[in-house]
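Have the model open beside you as you read.

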Amino acid sequence: MPGLNPLTREWLAAIGEDPNREGLQRTPHRVAKAWQFMTAGYGQDVREVVGDGVFAAEGSEMVIVKDIEFYSMCEHHMLPFYGRAHVAYIPDRKILGLSKFARIVDLYSRRLQVQERITTQVADAVQDLLEPKGVAVFMEGVHLCMAMRGVQKQNSSTTTSAMRGLFRSDPRTRAEFMSAVQGTLRGR
Ligand SMILES: [Zn+2]
C-alpha cells in the first residue's frame, strides 16, 4: 500500500513530529505494510475464503466455535478494537470446516468496522453459505478508542450478538448458546 507512505509523513508532521528523525524514517513504510494486512478483508470474498470447506452432512445438533480472536479497526477513530467471537449454528444438510469460521471472522474484521456490523456480517455469511436451521454470533470486544481517550473506561468491554433462525425463535436454543459463551473474555 505505497500510497500511504507520503500520507504518513504528512500525518507525522501534523502531530508535531519530524518525519526525518532517525526513529521515524522507516515508519511510513511499516505503517503501509501494517495497514495492508489490517485491511486485507476489503480484497477478499467469503466464497473464496471458505473454498471447499462446505461439506454435506446429516445431523442437526448445535455446533459452537468459541473464542475466535479478532482484531479490527474502528471506523470512527481508526483505532483498534479486539476480542473474541463465538459462532454457533444448527446444521441442515451442510456443515462448514471448523477452521473456516476464523477465516470468516478475519475477513470481516480486517477493514474499518464497527463491532455490530462484523457480528451481523458473520451471521449473514454463515446463513448464506450453509442455509442452516439457525446461526448465532456473539462478540466481546475491547475498544481502544474508549480505553485510551475521552471516557477512559479501561475495563469495559462491548458485547454484540446476532441471532438467526432457531436462535431467534427458540429461547431455549438461544439460552443454551449464551450460557456456553458468555463472559469468556473477562473470565480468564
Ligand atoms: Zn472508535
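## Starting at the sheet edge

In S5, Gln113 is the bridge partner of Cys74. Before going further, note that this is a predicted model, in which local features need pLDDT of at least 70, side-chain atom pairs count only at pLDDT 80 or more, and totals for chains, interfaces and linings use all residues. Residues are numbered from 1 along each chain as its sequence is written, and side-chain values use heavy atoms, with hydrogens and water left out.

Cys74 itself sits in strand S2. Helices (H or I, at least four residues) and strands (E, at least two) are DSSP runs, numbered from the N terminus. S2 and S5 run parallel and are joined by two bridges; two strands pair if DSSP finds at least two bridges between them.

## The chain overall

The chain has eight helices and seven strands. Its C-alpha atoms fill a box of roughly 60 × 40 × 25 Å, taken along the principal axes. Of its 188 residues, 41% count as buried, where buried means under 20% relative accessible area, exposed over 50%, and partly exposed in between (1.4 Å probe, protein chains only).

Contact means heavy atoms within 4.5 Å. Among contacts with a separation of 6 or more, 72% come from residues 24 or more positions apart.

## The zinc site

Which atoms coordinate the zinc ion? They are Cys74 (SG), His77 (ND1) and Cys145 (SG), at 2.1 to 2.3 Å. Donors here are N, O and S atoms within 2.8 Å of the metal (3.2 Å for Na, K and Ca), and water is not among the atoms, so sites may look incomplete. Along the chain the donors follow the spacing C-x2-H-x67-C. Cys74 lies in strand S2 (residues 63-74) and Cys145 in helix H6 (residues 144-147), so this pair ties together parts that are 71 residues apart in sequence.

UniProt, in an unreviewed entry, places the feature "binding site" at Cys74, His77 and Cys145. Those three span 72 residues in sequence, yet no two of their C-alpha atoms are more than 7.9 Å apart, so they gather at one spot. On the record side, UniProt positions are given in the numbering used here, feature names are shortened, and annotations may be inferred rather than shown by experiment.

How covered are the ligands? Cys74 is buried, with a relative accessible area of 5%, and Cys145 is buried too, at 7%. His77, in the loop between S2 and S3, counts as partly exposed at 34%. Leaving out residues up to four places away in sequence, Cys74 touches Leu79, Phe81, Leu112, Gln113 and Cys145, while His77 touches Cys145 and Arg149.

## The sheet

Five strands make an open sheet with mixed pairing, in the order S5-S2-S3-S6-S7. Strand S5 (112-113) and strand S7 (158-165) are the edges, each pairing on one side only. S2 and S3 pair in the antiparallel sense over nine bridges, with Phe70 opposite Gly83 in S3. Five residues separate the strands of this hairpin, where Met78 takes a positive phi near 55 degrees.

On to the next pairing: S3 and S6 run antiparallel and are joined by ten bridges, and His86 has Phe138 in S6 as its bridge partner. S3 is mostly covered, with nine of its eleven residues buried.

Helix H8 (residues 171-181) lies across S2, S3, S6 and S7, running at about 35 degrees to S6; axes are lines fitted to C-alpha atoms, for helices over the stretch in contact, and angles run from 0 to 180 degrees between N-to-C directions. Met163, in strand S7, is buried at 10% relative accessibility. Leaving aside neighbours within four places in sequence, Met163 is in contact with Val135, Ala136, Arg168, Arg174, Phe177 and Met178.
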